[in-house]
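Work through the following exercises with the sequence and the coordinates open beside you, and try each task before reading its solution.

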Amino acid sequence: MEKNERKNRETGKTVGIHHNQRMSVLVLVVLCVIWAIAARIIKQPLMLPDFGEVMKEFVLGWVDLRVMRNLLITIRRVLAGSLLALLLGLTLGLVMGCSDKAMHGISPIVNSIRQVPIMAWVPLAIVWFGIGEGPTVFLIFMSAVFPLIINTISGVQSVDPNYINAARSMGATNSAILKDIIIPGAMPGILTGMRLAVGAGWMSVICAEFIATSSGFGYIMIEAQQRLETSKLYALMIMSAVIGFAMDRGLLYLDRRLTGWRFKDGTVTG
């Protein structure tokens, strides 16, 4: 009986996943058809290029060495900026979440700085770091660090104080409590912060490369715009969306692996 119930649950879960996938594909197909029809009606390729031409550029983009080289440059920048943001964001978030004094002392500064629009940092980043890697990594860092800080604080504060008090009553040290209770309990918040941070970093690096570099994925998008290669520009935008989606799915998979108890029947959503 128990085996049959488990099998039925697994079958139902699989059917649900396949249904969601079919719905996503259907919506995508409908959007593509609408695009193709609209492009034929409008007949202004600079504004809305032919769907077939865009798909041709999209496929060619994955085998174009120049596109791939600039894409790897951009991914390297995102990884560098996100790693720096993780180191500082996780540290500050844990300190502020665990200490009321740190929270009251640091929170006003963090909340003030994070209100500055990311593009407002561009001129200062260029002054500090010049043109090239420095400004882009800095802007990725600034985009990513605050979601990590805020979500880490939220994760720490969501830990049941009774667990901490029980551990202390049994003689656990502060470092043991941090390692065995606070960090595991805050992991859902930390991983959510990572997901938001990487997404924000990916979006900000494309914008930064419009202005502060002479290489990268954003730079070749600007080149396509200046040459009026609208089909290629659309294709590069779709490639950017696909890569960002893949990174988000990867982090969501990591979230499921580390905190699977949060997902109903082990199913990843979001």
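This is a predicted model: local features need pLDDT of at least 70, side-chain atom pairs count only at pLDDT 80 or more; totals for chains, interfaces and linings use all residues.

Residues are numbered from 1 along each chain as its sequence is written, and side-chain values use heavy atoms, with hydrogens and water left out.

**Exercise 1. Salt bridges**

Find how many salt bridges the model has, and work out which parts of the chain the pair Arg-76 and Glu-133 ties together.

Solution. Begin with the criterion, by which a salt bridge is a side-chain nitrogen of Lys or Arg within 4 Å of a carboxyl oxygen of Asp or Glu. Under this rule the count is seven salt bridges. One of them joins Arg-76 to Glu-133, with 3.0 Å between the closest N and O atoms. Because Arg-76 belongs to helix α3 (residues 65-98) and Glu-133 to helix α6 (residues 133-157), this pair ties together parts that are 57 residues apart in sequence; helices here are DSSP runs (H or I, at least four residues), numbered from the N terminus.

Next, take Arg-77, which also forms a salt bridge with Glu-133, the closest N and O atoms being 3.1 Å apart. Since Arg-77 is in helix α3 and Glu-133 in helix α6, the parts tied together by this pair are 56 residues apart in sequence.

Then compare the burial of these side chains, where buried means under 20% relative accessible area, exposed over 50%, and partly exposed in between (1.4 Å probe, protein chains only). Arg-77 is buried at 1%, whereas Arg-76 is partly exposed at 47% and Glu-133 is partly exposed at 34%. Finally, Arg-76, Arg-77, Glu-133 and Glu-209 are linked in a network of salt bridges.

**Exercise 2. The packing of two helices**

Describe how α3 and α6 cross, and state which classes of residue make up their contact.

Solution. The axes of α3 and α6 then come within 6 Å and cross at roughly 35°. The crossing of α3 and α6 is right-handed, a term for the near helix being turned clockwise from the far one by less than a right angle. Sorted by class, the contact of α3 with α6 has 21 nonpolar, eight polar and three charged residues; Ala, Val, Leu, Ile, Met, Phe, Trp, Tyr, Cys and Pro count as nonpolar, Asp, Glu, Lys and Arg as charged, and the others, Gly among them, as polar.

**Exercise 3. The nonpolar cores**

Identify the residues with the most contacts inside the largest nonpolar core, and say which helix supplies its largest share.

Solution. Define a nonpolar core as a set of buried Ala, Val, Leu, Ile, Met, Phe, Trp, Tyr and Cys residues joined through side-chain atoms within 4.5 Å. The largest such core has 34 residues, and those with the most contacts inside it are Met-96 and Ile-149. At least two residues of this core come from each of α3, α4 (100-113), α5 (122-129), α6, α7 (161-169) and α8 (174-211), and the largest share, 11 residues, is from α6.

For Met-96, leave aside the neighbours within four places in sequence and take contact to mean heavy atoms within 4.5 Å; the partners of Met-96 then include Ala-102, Ile-106, Ile-149 and Ile-153.

**Exercise 4. Positive phi angles**

Solution. Lys-43, although not a glycine, has a positive phi of about 55°.

Notes
Axes are lines fitted to C-alpha atoms, for helices over the stretch in contact, and angles run from 0 to 180 degrees between N-to-C directions.
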